[in-house]
Amino acid sequence: MNLTELQRWAKTLTKEKGRPAYLLIADLIAEDVESGRLQARDRLPTLRDLAAAVDINYTTAARAYNEAKRRGLIESHPGSGSFVKGKAVSLGPAKGGYEMTMNLLIEPAIPTLIEKVRDSAIAVLAQHDLYSLFRYQSFGGGQRERETALMWLDRRLGNARLENILICPGIHSALVGLMTQLVSPGQLVCVESLIYPGMKAIAAQLGLTLHSLERDMHGPLPKAFEEVCKEGRVAVLYLNPTIHNPTTTTIPLSRRQGLADIALRYSIPIIEDDAYTMLCDDPVTPFADLAPELSYYITGTAKCFGPGLRSAFLHAPGKRQTQRISGAMRALSVMSSPLTDALVSTWIADGTADAMLKAVRTEGSARLKLAEHYLGRNHISGAAGAFHLWLKLPKASNWNPSELAVHLRSLGVSAVASAAFSTDNNPPDALRICYGGPISRDNWEDGLQQLADVIEQPAFLLSNTH
């Protein structure tokens, strides 16, 4: 960032003295990012240089950068400085049709499986009254669809009940509905220090306050959860406990029991976002079995068919809670698609879903082994059957995660910096790498080779080649 830009900032601060300087500086950063005056990876002045250039004190400069970090505009790392993250990356299809930021499902290139899915879909259209699939219906799905959802939920829940099941148009919409019902103004939503970015977006849209819980390699710390529960403002605990997005952590049983015990003692509802659970071969005990009277359990079929199939199954603690959530969800999204519900029910009932799930798991495990070979087990966290991994950057690389993510995406590697998932403004030096989408295993291996080469190069050497 040059002196001219800082002088422009100083003039703006002088003109608008009625507004807090730290907020105004954050606004100026946002404007310059949007206009292109600041680009991703641009280094910002040090706090002392900023304070001197625009005539503010050091504390105000620090507050300005913290506000910019909170808005997702910049990243700061001790010893490296502060850097611009750049404009939000588009969620539309990337060049070549390969989406570079979303966590895309592996698309198995198995002709017989693709044919099975197609034939089953055609059978749905042939066997149903077509107009019945075009009509309004009560929110939560029909009897047949909920019975099939119960078959799917029975694989994970020990006490699933038909009257407590709602079919929703995707997990994200179910989370929106739950937040509107369970959280009142002034209350806190307890989350891990790294979470699914969609939950951050929901909280921002609804004006909710996320309370970040410190985590370790096994998930959120029970002590941190209990300390905030004692304050009496916690509305709900949100967890993504199995093959966590982004770290791939599966919370072990002892940690689940500790968190569930605290929730029970303080009567804190639990939202269990179990989107990835069916990718996990190992048996897991859901929070919904440990605290059934408090748990809202959500899973679906997106992780075995793809996000275009917006279908999720919500299991509420009881009949009364199911009715309340159903009313809220109907107001927000009217209903799930009857056609989608019919497809999903048929695919579960005739075994197509199982065949697809098995193919995704098999390919995911093979791609993870390739990642371990090229990147080393010590540098990544992964889960067999999943389609994303957590890459921990070696200190010697001197890479800023946001800079590296931008560079990797330019090479065709689906990388997202840790800041996108952070809720405590202290993201680790790490990236989520997705190896799903319409890429082949060979494409993935090529990407791994490039990724390994880039990490081995110090960041300043690569930047000097541009």
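Student: At what angle do helix H9 and H10 pack, and how far apart are their axes?
Tutor: Helix H9 (residues 222–229) and H10 pack at an angle of about 10 degrees, and their axes are 9 Å apart. Axes here are lines fitted to C-alpha atoms, for helices over the stretch in contact, with angles from 0 to 180 degrees between N-to-C directions. Helices (H or I, at least four residues) and strands (E, at least two) are DSSP runs, numbered from the N terminus. Before we go on: this is a predicted model, where local features need pLDDT of at least 70 and side-chain atom pairs count only at pLDDT 80 or more, while totals for chains, interfaces and linings use all residues. Residues are numbered from 1 along each chain as its sequence is written, and side-chain values use heavy atoms, with hydrogens and water left out.

Student: New topic: is threonine 242 buried or exposed?
Tutor: Buried, with a relative accessible area of 0%. Buried means under 20%, exposed over 50%, and partly exposed in between (1.4 Å probe, protein chains only). Threonine 242 sits in the loop between E8 and helix H10 (253–266).

Student: What does its side chain pair with?
Tutor: The side chain of threonine 242 makes a polar contact of 3.0 Å with that of arginine 256. That term means a pair of N or O atoms within 3.5 Å; within protein, one must be able to donate a hydrogen and the other to accept it, and residues adjacent in sequence count only if both atoms are side-chain atoms.

Student: And which residues of helix H8 are buried?
Tutor: In H8 (residues 197–206), they are Gly198, Met199, Ile202 and Ala203. Seen down the axis, these buried residues fall within an arc of 140 degrees, so they line one face of H8. The arc is taken from the directions from the helix axis to the C-beta atoms.

Student: What's on the other side of H8?
Tutor: Ala204 and Gln205, which are exposed there.

Student: What covers the buried residues of H8?
Tutor: The cover includes helix H7 (171–182), strand E5 (209–213) and strand E8 (234–239).

Conventions:
Contact = heavy atoms within 4.5 Å.
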